[in-house]
Amino acid sequence: MTGDWLYFTGVGITVRQIAQALGPGCETEIWEEAGVLEVMLGDGVSMDFEASAIRPQDAAARAFAAAHGCEQVFLVTFPPEEYERAGMCMRRIQEALSGVFCGDTEDMTPVLEKDISGRTGLLAVFGSPVGHSGSPAMYNYCFKKFGLDYTYVAFDIKEEDVATAIAAMRTFRMRGGNVTMPCKNEVVKYMDELSPAARMMGAVNTIVNDGGRLIGYNTDGAGVVNCLADRGITVPGKKLIVTGTGGAATAIQIQCALDGAAELAIFARTPAKAAQTVENIRKERPECAVNVYDIADVPQMTAQMQTADIFINATSVGMSPNEDESVVKDTAGFRPGLVVMDAVYEPVQTKLLTDAAAAGCTCVSGKGMLLWQGVEAFRLYTGLEMPVEEVRRECFS
């Protein structure tokens, strides 16, 4: 049969079980040895389920099946004009059988608009503010892409509410979540286990619930390095300025040092808060020169910018609704050849980036950091690779 088609999978699911799930009111015909089921939709048309091994060349099918622990998928075909009736059949099957999933062959999105069910897994971003967050759109797009029965939301959580939020994550058996400002440091004490990077950075931005054990990871630093690499900008041998001492700032500082930065200048509201970061860097990579300055020392920042290769703002300065603010008070430090990145991504074009662009700097938006740390987090949640270019086009254009 030609027409629309999709993949349908489930551990141990047979064509006979599918027929039984549709119920006695649905006319079906089974060729059990061949693994084929024909479902009569009415008016002389049908949809077919054909059990077949995954084609080796079909990466989408391999990823779809692997995501659900399956070695085999059914190829389901139906006339394009029967989309609605085929969708009703698929919904009936999903309601009757546990652990079954379906997705399009072209882009692996669900064949019907997915409803929240009693089995849907929950993930979320925790922090404040989060109303602007691009994470729900990014992750939900990917869950649909691979036919995963998860949904992702945003919870506005203040630092003092972190303990309650993590307790709720355990109670609701959430698959995991992301953590943003101002909760990245506070959440560490409530984890059952920390990745080496999270332990060294003292901050968590990704939580995975592994059978009831909450494991904290930090993908912020890798997100920044990969975001820069995506623009052809490398860290090894470079001098970087990173502002801030929060979870994201610490992750960026340590990751850049570990990845080969020659020099690191940290600007902080309270320089003493960077002491542990400096100690960790000097212990793990002593060849990286690291110094800490007061962020209020404008002449010092301007002087450091004159010899820096990359400037990264990892504070919340300039975030909506304070779009008229910038961490750089003296724009004389900007110059052609300086790369300026802002971890703030709402607004996309912050005052820092606007001022830097006017001076001829190479500018990198915080949207890229969100995307690339999301790539790492999605892999931790699902074991799958996020389709970067597709997500960039659909969620960040």
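Guide: One caution to begin with. This is a predicted model.

Visitor: What makes Lys184 and Asp220 a salt bridge?
Guide: The closest N and O atoms are 2.4 Å apart. The cut-off is a Lys or Arg side-chain nitrogen within 4 Å of an Asp or Glu carboxyl oxygen. So the pair of Lys184 and Asp220 counts as a salt bridge.

Visitor: Which parts does that pair tie together?
Guide: Lys184 is in the loop between β9 (176–179) and β10 (193–194), and Asp220 is in helix α7 (residues 220–230), so the bridge ties together parts 36 residues apart in sequence.

Visitor: Why is Lys184 called buried?
Guide: Its relative accessibility is 7%. Buried means under 20%. Lys184 therefore counts as buried.

Visitor: And Asp220, buried or exposed?
Guide: Asp220 has 2% relative accessibility, so the label is buried.

Visitor: What makes Glu193 and Arg213 a salt bridge?
Guide: Their closest N and O atoms are 3.3 Å apart. The limit is 4 Å, so the pair qualifies. Glu193 lies in strand β10 and Arg213 in strand β12 (residues 213–217), so this bridge ties together parts 20 residues apart in sequence.

Visitor: Why is Glu193 called partly exposed?
Guide: Glu193 has 36% relative accessibility. The label covers values between the 20% and 50% cut-offs, so it applies to Glu193. Arg213, with a relative accessible area of 40%, is partly exposed too.

Visitor: How do you know that Glu376 and Arg379 meet in a salt bridge?
Guide: The N to O distance is 2.9 Å. Against a 4 Å limit, the pair therefore counts. Both residues lie in helix α12 (residues 366–382), three residues apart, about one turn of the helix.

Visitor: Why does spacing of that kind matter in a helix?
Guide: An α-helix has 3.6 residues a turn, so residues three or four places apart point the same way.

Visitor: How many salt bridges does the rule give?
Guide: The count is 14. Some link up: Asp230, Glu389 and Arg392 are joined in a network.

Visitor: Which residues of α7 are buried, and what covers them?
Guide: Asp220, Gly221, Gly223, Val224, Val225, Cys227 and Leu228 are buried. The cover includes α8 (247–258), β16 (310–313), β17 (339–342), β18 (362–364) and α12. Just after α7, Gly232 takes a positive phi of about 80 degrees.

Visitor: What classes line the second largest cavity?
Guide: Nine residues are nonpolar, with no polar and no charged ones. The lining includes Phe126, Ile157, Cys183 and Ile207. Helix α5 (residues 162–171) gives the largest share, three residues.

Notes: Residues are numbered from 1 along each chain as its sequence is written. This is a predicted model: local features need pLDDT of at least 70, side-chain atom pairs count only at pLDDT 80 or more; totals for chains, interfaces and linings use all residues. Side-chain values use heavy atoms; hydrogens and water are left out. On a 1 Å grid over the protein atoms alone, a cavity is a set of points where a 1.4 Å probe fits but cannot get out, and a pocket is an open set with protein on both sides within 12 Å along at least five of seven lines; lining residues have an atom within 4 Å of a point. Helices (H or I, at least four residues) and strands (E, at least two) are DSSP runs, numbered from the N terminus. Ala, Val, Leu, Ile, Met, Phe, Trp, Tyr, Cys and Pro count as nonpolar, Asp, Glu, Lys and Arg as charged, and the others, Gly among them, as polar. Buried means under 20% relative accessible area, exposed over 50%, partly exposed in between (1.4 Å probe, protein chains only). Contact means heavy atoms within 4.5 Å.
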